[in-house]
Amino acid sequence: MLRREGTERPYTSPLNDEHRAGTFACAGCAQKLFSSATKFDSGTGWPSFWQPLEHAVDTLEDRSFGMTRTAVNCGNCGGHLGHVFDDGPRPTGLRYCMNGVAMSFTPQA
């Protein structure tokens, strides 16, 4: 997923059920990506967040599969994390729909 820009099957990531305070990071380089404070249950089957950490991710247009989406990559190593959509909750209205296998989780100490 991370290096070949794939998408994991929905509801397969253990990170969907991760509700502890902590930080989600890139599985490829350990760049911190999202705070657990911005995670929400989108009902889509993928870990979802309404905002990344500052300077953590990059976005680019993805025209694969006959549609236009916005891909989200790690701002450090460029690994593919998922996509961002404009149907998320307040305050941003965004849904960063991430591949769980592309991330790790570190609980807050």
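Biologist: Hi! In what order do the three strands of the open sheet come?

Modeller: The order is E2-E1-E9, and the pairing is antiparallel. Strands (E) here are DSSP runs of at least two residues, numbered from the N terminus, and two strands pair if DSSP finds at least two bridges between them. Before we go on: this is a predicted model, where local features need pLDDT of at least 70 and side-chain atom pairs count only at pLDDT 80 or more, while totals for chains, interfaces and linings use all residues. Residues are numbered from 1 along each chain as its sequence is written, and side-chain values use heavy atoms, with hydrogens and water left out.

Biologist: Thanks! Which are the edge strands?

Modeller: E2 and E9, as each pairs on one side only. Neighbouring strands of this sheet are turned by 30° against each other on average, direction ignored. The axes behind that angle are lines fitted to C-alpha atoms, and angles run from 0 to 180 degrees between N-to-C directions.

Biologist: How many bridges join E1 to E2?

Modeller: Three bridges, with E1 covering residues 22–26 and the two strands running antiparallel. As an example, Thr 23 has Ser 35 in E2 as its bridge partner.

Biologist: And where is Ser 36 found?

Modeller: Ser 36 is in the loop between strand E2 (32–35) and strand E3 (39–40). Its side chain reaches the backbone nitrogen of Gly 22 at 2.9 Å.

Biologist: What else is Ser 36 in contact with?

Modeller: Leaving aside neighbours within four places in sequence, Ser 36 is in contact with Arg 20, Ala 21, Gly 22, Phe 24 and Phe 105. Contact means heavy atoms within 4.5 Å.

Biologist: New topic: is Asp 62 buried or exposed?

Modeller: Asp 62 counts as buried because its relative accessible area is 12%. The cut-offs are under 20% for buried, over 50% for exposed and partly exposed in between, using a 1.4 Å probe and protein chains only. Asp 62 is in strand E5 (residues 57–62).

Biologist: Which side chain does Asp 62 join in a polar contact?

Modeller: That of His 83, at 2.7 Å. A polar contact is a pair of N or O atoms within 3.5 Å; within protein, one must be able to donate a hydrogen and the other to accept it, and residues adjacent in sequence count only if both atoms are side-chain atoms.

Biologist: Last one: why does Ala 102 count as buried?

Modeller: Because its relative accessibility is 0%. Ala 102 lies in the loop between strand E8 (95–98) and strand E9 (103–107).

Definitions and conventions: Helices (H or I, at least four residues) and strands (E, at least two) are DSSP runs, numbered from the N terminus.
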